[in-house]
Structure formats: structure tokens, C-alpha cells
Amino acid sequence: MDGGVRDERRERFRPREDAAAARLAELKVQYAQKREEYIASGVLPDPSKPGLLEDATKLVGTCPDMCPEFERVEREVQKELDRLECFPGTTSADPAAAVKIYRRPAAGRELPLPEEVRPPPVLQRTLDYLVHTLLPADPRDPHFAVVQPFMWNRTRAIRQDFIVQSDRGAIAIACHERIARYHILCLHWKGGVGADAWSEQQELEQLRKTLRSLIEFYDDQRLLGHTYPNEPEFRGYNLLLHARDPETLREVELLPTNVFTAPPLQWALRLHTLLQRSNLLEKRGQPQNTEATPNFFTRFFKDLARPEVSYLTACLAENLFASVRIGAVKTLGRAYLPQHNGLPLHQVVAMLGMDSHDEARTFLELLHIQIGDDDSVKINKSSVLDEDKSFASPFSHALVEVKRGDASCQAIIDGLTTTERPTQSQQPRALAVPQASAPAPRAPTAPAPSAFTKVPTTWPTAPTSAPTLAPPPAAASTPAPAAPTPSRPIKTPPAPQPVAPAPVMAPPPPPAKPPVPRERLAKELVMRLCAQSIRETVQEVAYNAMAHESKRRAQRCRSALIETLASKLYRRLVAEPSATFVRHAAMEAVASAQLARVRKRNAWKRWRAVLSQVREQQRQSARLEAIRACLPHLQPSRLDRRVQRPVRTPRLWDDERHEAFSKVQHASSRLWARGSMARTLVDRVSWLCEETMTRPLFWTAVVYVEGDGVGSRWLRHKMALGATDSIYTLPQGTQVRIVDGTQASDTAHTPQLVVCEAGAHPPAPRQPTALLELAWNDSKSVLHEPLWTPRTLVALDDAEADADALFADAVEQVVTSLPEEWHRPLAQCTSLQPLWDAWLDISDGFDAWLARTSSPAVARDAFAVLTSLANLFLRLAGAAESLALPMPTLPAEASVSDTLAQLALHQLRDLPWGDPDAWALLRAHILEHAQSGHVQMGTYMQSLLRMALACQTEAGTDVAVTAANLAHLRQLGARALTELAARVDAEDPAPPSANLLVRPTSTVKRSITPPSHAAKRGREDGAGARIRRLLAQSAQLLQETHVDS
């Protein structure tokens, strides 16, 4: 350490005997007394007593100056003042120019007093002074780099005072926005021209902290119902600052719609997407690569140059230019081979958004990319980039600086354009800046208040009886210079004759004041105490109300979140079975299509082989004919003229003869294949069972063959007829019976298909029956009964045609659906048919009358009556008591369809018998009809009775229906219909239709078959079983949704 430094330190730390040192000693005593008073009154916590966090009080600053007096005097004594805070040519502090310094919180440092903390208005005025007075208008001004360290420290102190007071209001948000803009501007200009000691890492750190505080302020204010127009702008800055942090992107995606869709944030999102790379050099602690990234680096620079992108957004994106350009060079290297001539340098400059060729050369040389003499850049797959190093952030004139135009630093920081000017609220207050040429008298500093309040709106002067902190003597006698223009920085004018500091003199004693009456002092003290108590009470009430409102909004947000999650979970549970079924169906369809494609390909190959063989045979035949034509014609001798030689067929080759024999043998075996037509019928019935989801117990085909000719024997052989019936059991549980009609006459009355020869005379059917006739020539059918429907005639007169294929086509035409067979013996079905016809007349009448009513009460009573009639039907049919239908009791709904649907659903829920899958399907049908507003109660009851009869059949109960029971059922049904008609006519006087009360008995026998899902069968694992289970689950979910609604 040399002598000059020792002398400076000795001068700095020597005891001071001037007025500033005396004032500092006096302030220390006063501040110690005030600290004890604040601790005793509860304004400050007692460091010697532990306390709870909820008992802590909010600190509110009362310092009216940009720098507290204690700190200003202390730093003047300790020689820690910046030259921007002193009077020109002196080391004395200027109260109008001194700004509070940032001090890092330490473990042994005491809490600041309210007099040492600046309130929000003073902090805003301090920031106005820093931006509009100290900062030059042009960032190219060298003074920009001079004031940058000072402003970096003082803006940090401003943010510290906001944090100490826990202030998150509008003033705090406005100040943090301006500070963030200033940090972005310094980041672009690298601290200013000639700022050698500027640190990019420290600038980025303070920018991140400022934006983090600002985002927390926005979130807190949104909970209170306040929004700010500049939020999208700073959300975009934060997104670009954390370009490779997925958590920041998630925060942006959760923003409200008006903030998320704002143009500043949308442009930041677009740039953020284009910034992502998939070819980063992965290192520990470095950001990871982004999957499926397009690496659109050219689009990034083009979008950045668009006028919609703001200047500060471009300044922040400029910090990532080096990373984007390295990724662009690596991408280009993957696209070119080593034998490529290279890219022109001017093209690389345009693609990478650089300002000049020199900048591009410098950047490429750092990456070890060769540049030829003809300015060709050798970028190819063999290039090895040296990217494992730090690259300095560039300064872009063409993309970034051109956006600034003629805007000043103040306009950029205040968020104004070049044509806008600050409004009256944004105009900085005029502060006295030292200038040696025009001295002026300084107004005395206002004394600090002696009372502490939580949220002061004004700063009243202290009462005369309270102790005050008197201003220093030097400040009272030193004149204040006039303020310069705001657009110019503070400079020390070159004074040829510097002004010497005034000698230290004691101030003259103040004149004696007249005594104030005690009554007046007491009155003022009472008024102040009352005002303070009222203010504290109002503040406490407002705080409690705000806390209650915040809690209520949090609960409402939680309820909304739970409701949203429940809705999403419900939709997922409903959609998952359908998606699984669709996926399986799609896989089966793809497999079927692939199988058909393979078969077609194989058939095509075989056809081509046969075609080539035929063409080869034709070519050989033509060659032999040509040879025969060239040979001389041999005349038989006279001796041989009487010999008649037989005509010989052309001699075939061995392979041709073998192939011809194989074809004839194959055709003969196919023509006389036993049971091929029977297998066609079985395959057709099996396919219909899968397609229609119908599972009849029996399906019967009767074959009538008359005579004993070759055609009759061939037909019996193809249908596999024998001494007994042919029975085929399908995987679905259906038995397909093929019966010889000439031998089994008992089953010939209820067939589903009749197959006969043309000219045969099968018995006339009792109900519509499919008919398939086989003719050996082009003849016409002789059967003209109208009940033969559908019917078709197959002519087998073409020897080249495939008889099995013709028969299969005919079967597809006549067998289009499967009957819903009832699992009862024939005699039992016949005995119940009159009872079933009577029930159908009654249920159809109920449906017709209920279609005209609009009263839910009438619908409820009709449902009860029809349930009683259904139980009577089951009792007359010999059903067990356990099969009786329950009687639900529910109040009437708003409409007829809703009433009937609710009654049906509750009745199905209480049924103790039946197939659960069948009930689930029936519930689904009821809900579907209820949504459309048309619930057919008679149809619903018919389904229930069919299922009950199926259960009765399984139990083996005998049936005995007498004429008296049938007449009793018809009489009760007619009486119920008459009463229902009377109640409906009372609502609607229009005359009913003639077929509502009296329904004639139909001459056509209606089926009493239950639905196919009522039978008790084993669960198969095929596609049909999966469909039924999915439908049952869907019906259960629909029922729960309907009941909840």
C-alpha cells in the first residue's frame, strides 16, 4: 500500500470535529430514543422477545426525502457520498440530490425506523428524479455509462423499500415496470458507451428479480379484482428471459384469456417457440433440448424485424442471438455434404440476421468454420464446431436499434412512443439540482412526524410539544442552485473560480415564540388522538373485510376447480369404453381389409399364371397349325380308300392332360361336395347373429324334394339330408336345424326358410315365410301364395356356373334377418297367444291415450293401472309371484315423458329378477326416448312381460289359460281405457279416435317372443359381448346423470 492510499484512509477515518459530525452524534441519540418509543408502543417488534408472525405489524415509512437525514449525514461523515450527490466542487451532501443507498440486510443490523423508510409517493418521486433528471435522453451519450452504476444501486434500494413496507399497490407496480424497462435498456446497450466495469450477469440477475416481484404483484392484484394494461408486456419479457424454462411457459398458459391473447404476449410466445432448439450441446446444469423443434431460425429473425415487435422485446431477444445462430450453423451443417462448394457469405449474413460481413466472419471463426477466399462459408457434415465456450451477446443495429428511432430513454422507460409525452401524473416533480452559476435560497426541510400510522394518506407536521430533528446548520445556510433541463445529465460546470465552502458557524438563536394556551394544546391533542383511533379502527375493519373476501374467493376458486376436475373425469370415464370399442373395431376392420387385400393379391397372381399358361398353349397350337399347313397333303392309296379311319382328337402333353384331369376332378368334387349348401345356410345365420346381436334359440330350414331323380339326389346330398334332422350349434348358442320336409311334418309349420325344387308343392304357410326354389331350367314358379315372402328362384341351367355361389347369393336375398324366437314349446306358445293379443290391445290403447294427455298426474296413474294389469297377465299366464312387477311411488314430474321415465327407471331398479345387461339396455332406451319427449309406456311393459315369460320358461312352469280368464283381462282393460279416456277428454274436449277405446282383435298372430337379451346364456368373449358390456356401462352412466340432474 503506497503513501497516497494511506493518507486517504487516514483522512477518511479520522475523528471529525465539524458540524456534520456533531449532527450525526445528535441524530444517533434521537434515533435511539425513538427506537425505544416505537418498541414500547408496538410499532416495532422487540428483538429480545419472540413473537408470532400473525402478530407482526406492517411498517409504513414516513421519510419525506429521497435520502433519510441520518443516512445522508452518516455517509457525508464517512466519505461514502457519490459525486452525483454532492454540491459541485465539494464533498458536502446535497439534500435535493442525495438518494438512499442500497444496503444488504445483515444478521446484526437493526430494523429500520419509519423515518428511514420512504413511503410509495416519495419512492415514485425518487424514481422520477433518477430517470428524468440524471439519465441522459440519448443512450449513446457517454454520461449514460457514468450514471449507470449509481442508478443500478439506487433502483435496487427503491425496490427494497417497497419490500420492507409490503406494498403491492399501483405505485409499486408502476415503479417496478419502469425499473424493468431500464434494466432491459442497459442490457441492450451493455451499460452504455465506455462502461468497462459493467456486468451482464448482475444486470440479468436484477432484471429477473424485478420481473419476479412484478409478476407476484399482478397475481395478488388479480385476486382483489384489479387488472393492469401492461401485464401482457412484462409477462412476455419474463417468458423471453426464461426461454428454456418449461415452468415459465406453464405459468403463461394459465393466464386469463384477455392477458394471454394480448399482442405483446402473443409475439413473445411466437418468438419463444422459434427460439427452441433440438441440437443443444447437452451439459450438466445446462437447459435440455426441446423435442420436435423445427429450428426455424430464419423465421425468428424475420419476425423479430417486424414492426409489431416492440423495441424492448427485441432488446431482450438480442441476448439469445448467439444461441440461435449456433443452432442455425449446426442445422446448416447437417444439410450439406463435404463436396458442396459452400454458402456465400452474404447469404449467411442474411440468414443469421447479422449487421455486416465482419461480424459474420468473427462469429464463424470462433466456431472454427472455414471461409474461402471467394467469401464462401464451408459448412457441411464434416464441420466440427467449437461451441463449448461463452459467446458475448451481440449488438444488433439492423434488427434491434433501428426500432428505437428517435425515442428518448425517458420515453422508453415510461412506456411512451416517440410522439407521446408524459401526462401530468407522469411528469417528474421539479427537484433542485446543484449548479454553481445561479444560487438560490433553499427552503428548510420539513420536520419528520412523531406519530406512526399503518397506512398514512398524508404526512402531517409534528406537534410543537413533540421532539423534532432539526436540520443541520450547514444545510440551512447553504443556498440551493437552480435545476437544469431534464433532458441533460448533471455535469460539474467548469468554474474558473470555485466557490469555497462557507465557514462553519453556529446558527443564530430562533426568536422566542409566544406561549400557547394549555386548553388549545389539549384540544389539538384530543383531536389528533381521536383521528388516529378512528383511522386505525377503519383500517382494521377494512383489512378484516379484505381478508374475508380473499378467503371467500379462494373457496370459490377451489369449488370451481373441483367441479372442473369432476367434469373432466366424468367425460373421461364415459368416453373411455367407447374409445376402447372403437379401437378394437378399427383394428378388426384393418385386419379384415388386409386379409381381403392379400386374398386379392394371391388371386391376381394365380390369374396371371393361368393367363400366361393359356397364352403359351395358344402359341403352341398356332405353331403346330403352321407346321401342319407347311407339310404336303398326303392322299390315301387306292388300297386304303376303303378303310375309314376314325377321327382322332389332338394329342395333349402330359402336363396338360394332368392339369385337365385335375380340373375335371376338382369340378366334380365341388359339384358333389356333401353339405356345402347346408354350410352356406349355417354361415349366413352365424353372420346375422353377430351383425344384429340377435340370439334365437332355433332357426329352422325345411327342404322339400319330390322324386328320386339325379337332381333330387344331388339336392339331398348338398343339403346333407338323412334319416334324422341335421342340427348345427353355433358359437352364439343358436341351433340351426335343416329338416327334410317329406319326413318331419311336425316342424314344417314354423320354419324360417323353405327350400324346394321348382314344381314341388310344399304346404301353405300360416305366416310370412321365406321361399327359395331351385330350377334345372329356365322355368317359372308355380307357387303363388302371398305368405311366401321373400321368395326367389335360382336357375341351374348353366353348366359353367358355380351352383354353390348362386345358392349363396340367393340365401343372402331371402334370409335378411333373424326372428326373435321365444324359448317355449310350440303348444305353450299357441295357448298363450290369445292372452298376449288381448294384452297388446290394452297396451296400445294406453299408448294412444297417453300421447294426447299433458298432465303428469294422469300419466302417473296410468302407469300404476298398467302395472296392475301386467301383474294380472303374469298371474293368468301361470308366472311365479317372484316375477311380479313392483309398483313405484314417486311425485309427478314437470312433463309426461319425464314422469313415465322416472317411474320406469325406479321400477327397473327394484326388479329382483332378470339379466342385468338386459335391464341396462332397457334403461338406455328409456333415457333416449325421455330426451326426445316420447316415452311409449305400452312398449316398455311389453318388454318386461317378454322377459318375465322367458324366466317362466326356464323355470318350467306350465301354462293354462281359460276363456274366463281371457274375458276377465279384456273387461278390466276396457274399463281402464274408458276411465283414462274420460280423464284425457276432461283436459282436451276433442273427440278421440275410434280405435282408442275399442280395438278389434287382429287376425294376424303377433309374436309373444321376448327380446334376444332375455335368454340366460353364457358370456362369450367375442365382439358382441364387449359391445353389450359397453352399452350396459353407458346406460348406467346415463341413468346416474339423469337422476342427478
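Predicted model: local features only at pLDDT ≥ 70, side-chain atom pairs only at ≥ 80, totals over all residues.
Take the contacts between residues at least 6 apart in sequence: 73% of them join residues at least 24 apart.

**Aromatic pairs**

- A pair of aromatic rings is described by how far apart the centres are and by the angle between the planes.
- There are 12 aromatic pairs in the structure.
- One of them is Phe234 with Tyr237: the ring centres sit 5.3 Å apart and the planes are at 85°, over the 60 degrees that edge-to-face calls for, so this pair is edge-to-face.
- Both Phe234 and Tyr237 belong to helix 8, which covers residues 231-241. They are three residues apart, or about one turn of the helix.
- Phe301 is buried at 4% relative accessibility, and Phe321 is buried at 0%.
- Phe300 joins in as well: ring pairs link Phe300, Phe301 and Phe321 into a cluster.

**Helix 6 against helix 8**

- Helix 6 spans residues 170-189, and its axis comes within 12 Å of the axis of helix 8.
- The two axes cross at roughly 40°. That makes helix 6 oblique to helix 8, because an angle has to be under 35 degrees to count as roughly parallel.
- The crossing of helix 6 past helix 8 is left-handed.
- On the helix 6 side, the contact is made by Glu177, Ala180, Arg181 and Ile184. Helix 8 contributes Glu233, Phe234 and Tyr237.

**Cysteines**

- A disulfide is a covalent bond between the sulfur atoms of two cysteines.
- How many disulfides does the count come to? The count is zero.
- Cys186 is in no disulfide. Its nearest cysteine sulfur belongs to Cys409 and is 8.5 Å away, whereas a disulfide needs the sulfur atoms within 2.5 Å.
- Cys186 counts as buried, at 0% relative accessibility.
- Cys175 is buried as well, at 1% relative accessibility.

**A loop residue: Leu135**

- Where does Leu135 lie? You'll find Leu135 in the loop between helix 4 (120-134) and helix 5 (143-164).
- Leu135 is in a loop, and its relative accessibility is 0%, so Leu135 counts as buried.
- Leu135 and Ala145 are 10 residues apart in sequence, and their C-alpha atoms are 9.5 Å apart in space.

Methods:
Residues numbered from 1 in each chain as written. Heavy atoms only, no water. Phe/Tyr/Trp six-rings, centres within 6.5 Å; stacked < 30°, edge-to-face > 60°. Helix = DSSP H or I, 4+ residues; strand = E, 2+ residues; numbered from the N terminus. Buried < 20%, exposed > 50% of the residue type's maximum accessible area, 1.4 Å probe, protein only. Axes fitted to C-alpha atoms, helices over the stretch in contact; angles between N-to-C directions. Parallel < 35°, antiparallel > 145°, perpendicular 65-115°, else oblique. Left-handed = near helix turned anticlockwise from the far one by under 90°. Contact = heavy atoms within 4.5 Å.
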